[in-house]
Amino acid sequence: MSLSEPATNQSDMLAAVTDALLELSKTDSPTTVLDVTTTAIAKLAPDCFASAFTYTGSHVDVTDEHTISLARRGRLTYPDRKLTIAAWCKLPEVTGLAAQLGAPIVTAFPLKGRPEIRGAIILWSASKPSRELSAVIAAIVNTASERLGRFSLEMSVASSIAQTLLLQTTTQAISGSLNFDDIVDTLIAQAKKFFHVDAVSLLMRPDGTDTMTIYHSLGLSKEYVKAVTIDLTSPTTSKLAAEHKPVSITDASHGNFLNQSKIIADEGIRSMLVAPVEIDGELIAALTMCSKITRQFTPAEEHFSGSLASQAATAITNARLHTSLVSAARDVEQTRNHMEDGLLIFDHEDRLTYSNKPADKLFNLTSKDVGRIMRVTTLAESGGITVNIEKARAIVALARAGQTGRITIERAGEDHRYYEALFTDYATDIPGAHGLMVSIRDITPMYLEKEKLAAIQSNILDGLMILDENGFIEDCNEEWLRLFSLKGEVHGHRFFSELALRPDLTFDRDPTELIESVFGGKRHTTYAHTATGQHIQLSVGPIFTGGRATGAIATARDITPLVEKTVEANEMAAKAQRHLRELSGLAELSSIVGFNVQNIYRKYLSKISILTRSDEVNIFLYDPNLQQLVCEESTRDEKPDSLGLDSTNAVAHAFVSRRGFASDEPDESNLFHLAMPVVHHSKTLGVLLVERASQPYSDHDAKLLRLVATRLAVLVENATLYHDVNARRERWEAVFRFTDEGIVIFDRRGAVVGFNPAAAEITGHEITDAITRPFERVVKAVVSEGRTLGPSPLVRVLTDGHTIAKTEQMLETRMGTRIWTEISYSPIFDDAGQITSGIALIRNVQRDREVEAIKSDFISIVSHELRTPLTAIKGFLSMVLKHDFGELTDKQFHYLSRVYQSNQRMIDLVEDLLDVSYIESGKISLTINPVAIEAIISEVVAELGAKGAASQIMIKLKRRQRLPLVLADETRLHQILLNLVDNAIKYSTPGTQVEIDCQVVGDELVTTVADHGVGITKNQLDRLFTKFGRIYNPMSVQAGGTGLGLYIVKNLVENHGGRIWVTSQEGKGSKFKFALPIAKQLPLLK
Amino acid sequence: MAKILLVEDDAILVEMYQAKFELEGHEVHIATNGEDCLKALETFEPELILLDILMPKLNGFHVLKEIKKQPELRQIPVILLTNLGQAEVDMNQELAKALGVNDYLIKSHHTPDEVVTKAVKVLKASGHKASQDEA
């Protein structure tokens, strides 16, 4: 159509537009509107292609025949009704067509509508249409839009009318007929017609099943109807059912719809509309509309299908009601005639319409009464019955409102009976008018039981509750209400699943679970606790009727005082138990004794751990050498490090402050600490550290640990003392055992209590022999004849407390031999200064004495026996040299002189050795007299003058003054001077002088012998006065001498009470000085 | 010229002192132990006794005590000749003095010549005529 003659000018264009608008006003359907529009555009723009795209449902219909390729495909699926013009132009179909037509420019004109656009007129052209053309086309499209809008409105109005008509038809069918199948037929036929579908079916769900089958259908094959069974439990179905509203399926063949896809495909069904039929929210049926062409059901159609479904639901309900009514009427008729219970039926005007025999009897009714208007009061007034009128009235009102009510009727008389009247609503034949049905049951036995029960209820002190079959409270007594603080009406409430779930009540067992179990046939007792601290014992058991639990009975008792008492008793018992444990723990600790500290510590650790319920226990002791707290023992695998006293640790803190220290907060290892100093008297020995994760340590724990620490302190101190004492004892015992000195310890009575091996050796007494015997009998002193026995040393020691040092005493041994000993005695005092015993140390000096004697004899013998031959040599030689036996040659004289000199040296040496021996044995004895030293010096000078002269040495005596006498042994003083002067000559340089000088210094006379010789080196000075301290100097060989001279001199001087010393200068000479005491008085006396 | 009793147990020393004293013109009578000495004194009256101390049988001090007991012998001067050490000499000196010893000589300290000199000195002191004559 687009290829018609072009509108060449403006007037043509105007004419074309006018024609088009006129045409549009005459259109009678949406299709013609679109046709007219596209035709008009084709006329206006002959070189363009135009086509209309309009929405139908969720699709776009393409109407123009030029767009054959699109039309063949039928529909485009662009459900979005809000596509913009630009979006329209870019649709792939549109742009694809532009390529095919060779008209690349696409212009779209919206077909406007409310609320969304209806579609678009698409224009394909080689070049961009002119503005005028665009404006004209837009005007035509706008008019077309309006026209379409009007059709749309008309259509919806028509549809509404159709719907209304349909609903009317179906409603009439439903209300006008009791035949369910007729109604279904009408419904389906009407629906098929309305929805223009190929088939409509009603699926029904038989009661108590989860499947649906087709009940009736129109337009479906019999095979299909038979084959379809919908499983309502399948996921897709249950999902559909859960929607509770109609659902349309555009492509039913797609996917496995309702698990029936094969059947659906076989039947050629493309689209479906499924409307659920529900009664009270329960899916009982479904209405399905099936189309063999693919179509989209509009929301309006979906909605309407819902209305139809509701109609169907009404029909089904009615049908059911009818069925049940019919059977009920039959049942009622039978029941009425056979029941023992009384039955009365009133119509809506309180007219008695029925009364059976038991009712007649009870209320004294006759057949005349039927048809009479009778109020409840009228009935109550009949003879012999008692009823609560007020309550009866209320129940009647309730019954008329549709609720069932009961009331008890009592008939007095000989045969006293109770009846229960049940008032229920009774539907009369007249619509909307409600009558009343009263059924009367003889409940006398039950009532009597109830009376008993009531009596029990009111008489028992416990709370009592009875539950009905469904767990509702049927009855309960006041106590029950009180116990559970229940107020108001409780009947009809579930106690265990409602009332017991209050926040102020807690149950030991979940109440819901409990009651389930009770209804399962079990009895239970549990405990409830109120917020106010009450404890309620709750016993629940089932009530059986015919082997089935038809109710439950519960009793409750306030056991708060009992619980409190029990708790209190338990607490006390636990406390007592704990105290007992602690006490026994402490007692056990006290029983740990001994001196193996490590062992004790380990025992302590485990006890403390139990006593204080600690995870870890450590014993720290202070080491004064390290000045640290050292962990002696620990329950830890690895002992904690030693701690300095300045540490911030709890242990150091407790030690320094001497107080227990407990941590309030756990440390990084989540442990609480308690450190307790271990104090003995005023001395802190260490710290006990306990640790635990459970909770902080209490004051009680601290008290307990302090007790333990005190006990431990004593043990530690005792052990330390023990070890000290032991070590001392061991040392002492070693001395006691191994010393050469005999040690004898005696008690206050003088009995031997200690006796060492050396003592046994000395005395000859066995140790076992000596012990307990009197000291004097064991250490037997020999008193020389004529000497009196002084006071016993034991008396002096034990009574006077004297110490007796080294006294020589001869003892007689057990064998009778006598030995010399040296004995010392000492008392032994205790701490209070009392003498408890004494000790004697005995040294065997017998051998010393013998040695001494031998030595002494030896010296005498040696001296005598050596001297005798030397004397002979000396004597004969002296005579030979004096020519007593004739003349000698010079040589003979010379050599014999040498022999003489050598012999003399030997004599001197023997002399010196003897002197040394005497000096050393202390046997030298001096005859001290006031002596004039000058005379002796003169003698010495005279004696040695010749010798000096031979060496060109002059001996010079310096005379200063008259010298005082000195206290000396003349012979020895001579010996001293001779020695010193002789030495001086020996070591003098030839041609020098030896000077002798005497000087009074204080009360001493200092004599100096000075030489001018080689002098003495400092090293030599030290050895000078020692034995054989001979000085090896250039002249020493010729000097001769024994090397004993100065040693003897020094000892002689010192034996005089004097001193000797030397000063020397090497190469210049030496000065020997000795000082002797001056004899002051004696000269005067002389 | 004097009569001298030499009491000495060592034969060589006896020979030596005898030789010297005889050389000097004295008459020397010998006793080799204490008992010998006392026996000799029964028949021989010396003017001087040279008495050794350490001798077999009876030592010098015992001999001396015996001599001093007898009035006829008591006047005879005695020189103790010994080879005991100085210390022993010191110890015995008091005793010697108490017993009336005229001199106390350590043999090894003196040549026979010196002993003779000492003896002559003692003889002079005791009023020996011959010695005085000689002098």
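A residue is called buried when its relative accessible area is under 20%, exposed when it is over 50%, and partly exposed in between (1.4 Å probe, protein chains only). Helices (H or I, at least four residues) and strands (E, at least two) are DSSP runs, numbered from the N terminus. The model is predicted, so local features need pLDDT of at least 70 and side-chain atom pairs count only at pLDDT 80 or more, while totals for chains, interfaces and linings use all residues. Residues are numbered from 1 along each chain as its sequence is written, chains are lettered from A and ligands numbered from 1 in the order in which they are written, and side-chain values use heavy atoms, with hydrogens and water left out.

Helix H32 (residues 1045–1055) of chain A is largely enclosed by the rest of the structure, because eight of its eleven residues are buried. Those residues are Gly1045(A), Leu1046(A), Tyr1047(A), Ile1048(A), Val1049(A), Asn1051(A), Leu1052(A) and Val1053(A). In terms of contacts (heavy atoms within 4.5 Å), they pack against helix H27 (890–920), H29, strand E41 (1059–1065) and strand E42 (1069–1077) of chain A. After H32(A) comes Gly1057(A), which has a positive phi near 85 degrees.

Helix H29 also figures in the largest nonpolar core. A nonpolar core is a set of buried Ala, Val, Leu, Ile, Met, Phe, Trp, Tyr and Cys residues joined through side-chain atoms within 4.5 Å. This one has 42 residues, and Ile933(A), Leu973(A), Leu977(A), Leu980(A), Val981(A), Phe1072(A) and Phe1074(A) touch the most other members. Helix H29 (residues 970–987) of chain A gives the largest share of this core, seven residues. Leaving aside residues up to four places away in sequence, Val981(A) touches Val940(A), Leu944(A), Ile955(A), Ile996(A) and Val1009(A). A second, separate core has 30 residues, among them Leu166(A), Ala191(A), Ala275(A) and Ala309(A).

H29 of chain A also holds a charged residue, Arg972(A). Arg972(A) has 0% relative accessibility and therefore counts as buried. Its side chain makes a polar contact with the side chain of Asp915(A) at 3.5 Å. A polar contact here is a pair of N or O atoms within 3.5 Å; within protein, one must be able to donate a hydrogen and the other to accept it, and residues adjacent in sequence count only if both atoms are side-chain atoms.

Elsewhere in chain A, helix H19 (residues 597–611) and helix H21 (residues 699–738) pack at an angle of about 175 degrees, with their axes 12 Å apart. That angle makes H19(A) roughly antiparallel to H21(A). Among the residues that meet are Tyr601(A) and Tyr604(A) from H19(A), and Leu705(A), Arg711(A) and Leu712(A) from H21(A).

Two loop residues of chain A have positive phi without being glycine. His681(A), with phi near 50 degrees, lies in the loop between strand E28 (672–680) and strand E29 (683–692). His681(A) is exposed, at a relative accessible area of 71%. Gln952(A), with phi of about 55 degrees, lies in the loop between helix H28 (933–950) and strand E37 (954–957). Gln952(A) is exposed as well, at 59%.

Chain B has seven helices and five strands, which run β-α-β-α-β-α-α-β-α-β-α-α from the N terminus on. Of its 135 residues, 53% are buried.

Terms used:
Axes are lines fitted to C-alpha atoms, for helices over the stretch in contact, and angles run from 0 to 180 degrees between N-to-C directions. Angles under 35 degrees count as roughly parallel, over 145 as roughly antiparallel, 65 to 115 as roughly perpendicular and the rest as oblique.
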